[in-house]
Amino acid sequence: MEMVLFFCVAALFVSLIAISIIALRRGVWWKNHSWELPELGIQLHGHPVDRDLREMIRRLERALPEEYSERVKRRIMEKSRVGETEWRNRWFELKRFFVLTSILKRVPMYSRDVDSVWHEMLLFTRDYERFSNEFLGTYLHHDPHDQPVFDPLERAWFDWTYTLFFRPTLYSRYVWGSFFRHPMPPELLREFETSSEDQLLERYFNRESARRFEEAKRLCRFVIGTVRRAIGEARKYAERYGRDVTGLRSHLFSLKSREMEPAVWMLGALAYLSLYHAENFLAAKKKLLGRVADSGSSGAGAGYVTSPGFTEGVWDDLGCDSDSGGGDGGSSCGGAGCGGGS
């Protein structure tokens, strides 16, 4: 009798584990967990950059009065039938998106869930106009596309800048879709190497915001400098050590103690893979990160990626069978069907 009871309990335990894994992979768990982080979960780069990011976030919060956000919240919860936690997760990611629009010239929208909140904001015309002017100094346009075409260049640029500024959570991966599935195009990398700062500002960054707000201008320049530095380090490494991905893994581990922020720590590697392994980018990335993951990471347990292990979350190609995440560009607006620009 005791043996039968033991096997029954064991079977129940195994079943619960299996159900939990299935629910996790289908995105059920994400919707029941809060992924909000203080100060929008910004990456830590050093005093000047952190100061500018925090000032931009404070301006964003001032431009979004509570009564405005509450009205948007009520409409979303009624129309989309989502709970408090899901609302807060979407709102959190939309605010991250708005920060990017203050820095970049165009930011594609890769999440239908997040975009639904933006759409509701637009319906309150005066409030939205006031928000745009206070935050950006100009109107933030929502640009729908009748026949959306997914652009790997735009997605690679979004992934790069998003991760440079924010610590991706597992919800980020769920709601935006898989990160870093596309290399930075060689022509874009060459442009950052050869073009002047003014030319890059004109083509890729929000000049109006940079003109009105000094912190926005400095953050634009920070992105340019970071990309250039990542490219330079990748070329220098290739000239000295070659193009073997396994060797790069060892090199990255040697930098781990000196470079604490994983986004910065990996940007050089991503530039390297984009420059020298663009044709087999996913296979090379898997080889590199699979090796790196052997060190073990505690990032998922903390709710965001905090160490260079990257065993879960934004760096893995987890299959999330859901309405929102799981593809190259989530399922938002057809992958890249709308976006924001000044």
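1. The model is a predicted one, in which local features need pLDDT of at least 70, side-chain atom pairs count only at pLDDT 80 or more, and totals for chains, interfaces and linings use all residues. Residues are numbered from 1 along each chain as its sequence is written, and side-chain values use heavy atoms, with hydrogens and water left out.

2. Rings of Phe, Tyr and Trp (its six-membered ring) pair if their centres lie within 6.5 Å; planes under 30 degrees apart are stacked, over 60 edge-to-face, and the rest tilted. The count by this rule is 27 aromatic pairs. In one of them, Trp157 and Phe192 have ring centres 5.5 Å apart and planes at 50°, so the pair is tilted. Trp157 belongs to helix H7 (residues 152-165) and Phe192 to helix H9 (residues 186-194), so this pair ties together parts that are 35 residues apart in sequence. Helices (H or I, at least four residues) and strands (E, at least two) are DSSP runs numbered from the N terminus.

3. Trp157 is buried at a relative accessible area of 7%, and Phe192 is buried at 1%. The rings of Phe179 and Phe180 have centres 6.5 Å apart and planes at 50°, so that pair is tilted.

4. Arg155 lies over the face of Tyr110, at 4.7 Å from the ring centre. Arg155 also lies over the face of Phe179, at 5.3 Å from the ring centre. The criterion places NZ of Lys or CZ of Arg within 6 Å of the ring centre and within 35 degrees of the ring normal.

5. Of the 14 residues of H7, 11 are buried, so this helix is largely enclosed by the rest of the structure. Among them are Arg155, Trp157, Asp159 and Trp160.

6. For the chain, the secondary structure comes to 16 helices and four strands. Buried residues make up 50% of its 342 residues. Of the contacts (heavy atoms within 4.5 Å) with a separation of 6 or more, 75% join residues 24 or more positions apart.

Note on methods: Buried < 20%, exposed > 50% of the residue type's maximum accessible area, 1.4 Å probe, protein only.
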